[in-house]
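Good morning, and thank you for joining.

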Amino acid sequence: MTHKKRSVTPVQLIALGFLIMMLLGTGLLLLPISQRHPGSLSIVDAAFTAVSAVSTTGLTVVDTASTFSTFGYVVLCILIQIGGLGITSIGAGLIAFTGRKLRMRDQVLVQEALNYPTMKDVQVLIRSVLITTITVESSAAFVGWFLFRRQFDVLPALGIAIFHSVSTFNHAGFDILGGLLSYRNDVGLQLLTIAENILGGFGFFVILDILRNQRFHKFSLHTKVVLTTSGFLDLSSSLLLKAIEGDSLSWVNAFFMGITSRTSGLTIANVGDFSNASQLLICVLMYIGASPGSTGGGVKVTTIFVLFRTIVAYPRGEQPGAFRKRFSAGTVQQAMVICSLALGIVLTITFILCLLNPTLPFLSLLFETASAFSTVGLSTGITSSVATFGKWLLMAAMFGGRLGTLTVVSLWFRKHRQTILLPVESISVG
């Protein structure tokens, strides 16, 4: 009797690559040279930090600025950059720049890693992704260097600017300044961070589409949905946060928080001091996240848009769509599955955390879970107080959030072709 050999799928290879980087990052952060006070970092805390960096989340159980040395900062910066682009994308990009043609298997890996909808022009795409990343991050670092020069010497200011730029564009949420609360009145730094967050949140497909076509009516349906939905969410969330928190947030602060709540998780305010209404609003924003093809997490703005348009169209007996285009049945089903699975995962993890940490507030635990799974990195300040097993659970949430909901499911279930059509019968729902 012969057994069919099971090959490793591209999704499994990508997951394995991220896992290896997380393990390697843990080992590097445990080195005495990576710490200001050698031996002060436990294995669990080092693992949590490495997972948070590679998954581009930003949740921390230790203070990044006071715990790690300059070498540790460099390690974190590299982990964030690799986590944001993915090992596959970086490797394929280096091959592409040498002029060699990518093998079909490499192209499939890149397509999966970047969530690209087609195999067409993958080699051109990966080259454009690397060029875009280098251009945006270097430009932001250059501007940031001038801003940080007001407080720091030349080299420290340059190092901080580079780290801040990489962390922001990759939506990691890490900072080496001991928090950005002292910069809540620095309009220049906030606007720079907002701009980089927006670009990173759009995703590479949208940026390239804008550069190529330049006019809204020529953009793809994907780009139109991302631009309109992101704009609506950014403006409405900023207005709501300002209305709820009042004078404790300036208009720039509110705009900053409205945008980073879906993307990087960098904050210029103590989220733990926010009202329950603001914290719940931010939970929703984290759950939604950025757009496909970006380094942000969440269920993605396009998914929410498709779900919303379906809910509006169904009672009217209309076909869901937008901008004179109709969504395919598969797209609608995928949106529903993603939202349902993500919500189920967040609620399940929150439930377990409630059992493990009965003294911690429910909303704070829900907030922490949503932040981890959506790879945002905002926290009400309870991360370090979570039980050890709860920290490992949050690590799993960050890892799964970086891979994506459907990717996590596909790690365990392989697609198979339906050969037999079953009879149809209606049941009562709703």
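Let us start with helix α2, whose buried residues are Val44, Asp45, Ala46, Ala47, Phe48, Thr49, Ala50, Val51, Ser52, Ala53 and Val54. That makes 11 of its 12 residues, so α2 is largely enclosed by the rest of the structure. Just after α2, Thr56 adopts a positive phi of about 50°.

The average pLDDT of the protein is 84, and 85% of the residues score at least 70. Confidence is highest in helix α13, residues 276-288, with a mean of 94, and lowest in helix α5, residues 87-97, with a mean of 59. Where pLDDT is low, the predicted coordinates should not be read in detail.

Next, the second largest pocket. Its volume is about 600 Å³. Of the 28 residues lining this pocket, Gly58, Thr60, Asp175, Thr267 and Ser379 are the closest to its centre. What classes of residue make up the lining of the second largest pocket? There are 15 polar, 11 nonpolar and two charged residues.

Finally, the cysteines. A disulfide is a covalent bond between the sulfur atoms of two cysteines. How many disulfides does a search of the whole structure find? The search finds zero. Cys77 has a relative accessible area of 15%, and is therefore buried, the cut-off being under 20%. Cys283 is buried as well, at 7%.

Technical notes: Residues numbered from 1 in each chain as written. Predicted model: local features only at pLDDT ≥ 70, side-chain atom pairs only at ≥ 80, totals over all residues. Heavy atoms only, no water. pLDDT = per-residue confidence, 0-100. Helix = DSSP H or I, 4+ residues; strand = E, 2+ residues; numbered from the N terminus. 1 Å grid on protein atoms, 1.4 Å probe; cavity = no way out; pocket = protein on both sides within 12 Å on 5 of 7 lines; lining within 4 Å. Points joined across faces, edges and corners; volume = space filled by probe spheres on them. Nonpolar A, V, L, I, M, F, W, Y, C, P; charged D, E, K, R; others polar. Disulfide = S-S within 2.5 Å. Buried < 20%, exposed > 50% of the residue type's maximum accessible area, 1.4 Å probe, protein only.
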